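Subject: Structure for your review

Dear colleague,

Please find the structure below, with its sequence. My notes on what was found follow.

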Amino acid sequence: MNKYMQYSREVRESGKNEEAFALITPRAEAGEPDAMEILCDTYYYGNWGIKDYAKSLYWGEKAIAAGSVNAKEILGIQYLNGYGVAPDPEKAVSLLQDAIRGGCRKAGRFLGLYWLKGQGGTIDPAEAKSWFQLAAERGDVTSQYYLGTCYENGSGCERNMDEAIHWYQMAAQRKDRIGQPAIDALARLGVPCE
């Protein structure tokens, strides 16, 4: 986690968005990689009240040039879905693969969805499952849920209800809106959350 991530969370809770931009933007403009990365993230997700994909792309490209792996994940998602940029699945996959190799955990989820939905023109459930597996093992809750669905449905792997339940239970530990699909899956299967 870069040094601005905690600050970003505090800003969201306090609503001091203008103060945050006033502090971080000059540092990003001065070439500080962590500041560029946080602006990429902030503009992409709209964390400080302003969602702006063009600015996310701008700061993401600068952060990547400065060595940011996390910015590759965000720009990969932008290129995959055409958020503020023309869709470019090939570039998206390259960025997301670099991001997950660099340690990002959510990038595998988006690669899994890419293959599951056939966004590049080819549906490959086994490839999707392998990316969900990698991200799930790194702790991405949404990937844990998707991996559970792969095992439950035999999508890209042998059907294995024990594995499905295991991954659903992992995701359900989150106990919030992100973990809710796994909680619902366990309820549907008649299995208690642990």
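A residue is called buried when its relative accessible area is under 20%. Please note that this is a predicted model.

In helix 4, the residues that are buried are Ser56, Leu57, Trp59, Gly60 and Ala63. These buried residues pack against three other elements: helix 2 (17–29), helix 3 (33–45) and helix 5 (70–81). Helix 4 itself covers residues 53–65, which makes 13 residues. From its first C-alpha to its last, helix 4 reaches 18 Å, close to the 18 Å expected at 1.5 Å a residue.

Both ends of helix 4 deserve a remark. The N-terminal end is capped by Asp52, which places a side-chain oxygen 3.1 Å from the backbone nitrogen of Ala54. After helix 4 comes Gly67, whose phi is positive, near 105 degrees.

The crossing is left-handed. On the side of helix 2 the contact is made by Phe21, Ile24, Thr25, Arg27 and Ala28, and on the side of helix 3 by Ala35, Met36, Ile38, Leu39, Thr42 and Tyr43.

Finally, Thr149 belongs to helix 9 (residues 141–153). With a relative accessible area of 16%, Thr149 is buried. A polar atom of the Thr149 side chain lies 2.6 Å from the backbone oxygen of Tyr146. Gly84 is 65 residues from Thr149 along the chain, and their C-alpha atoms are separated by 31 Å.

Definitions and conventions:
Residues numbered from 1 in each chain as written. Predicted model: local features only at pLDDT ≥ 70, side-chain atom pairs only at ≥ 80, totals over all residues. Heavy atoms only, no water. Helix = DSSP H or I, 4+ residues; strand = E, 2+ residues; numbered from the N terminus. Buried < 20%, exposed > 50% of the residue type's maximum accessible area, 1.4 Å probe, protein only. Polar contact = N/O pair within 3.5 Å; in protein donor to acceptor, adjacent residues only side chain to side chain. Expected span 1.5 Å × (residues − 1). Contact = heavy atoms within 4.5 Å. Left-handed = near helix turned anticlockwise from the far one by under 90°.
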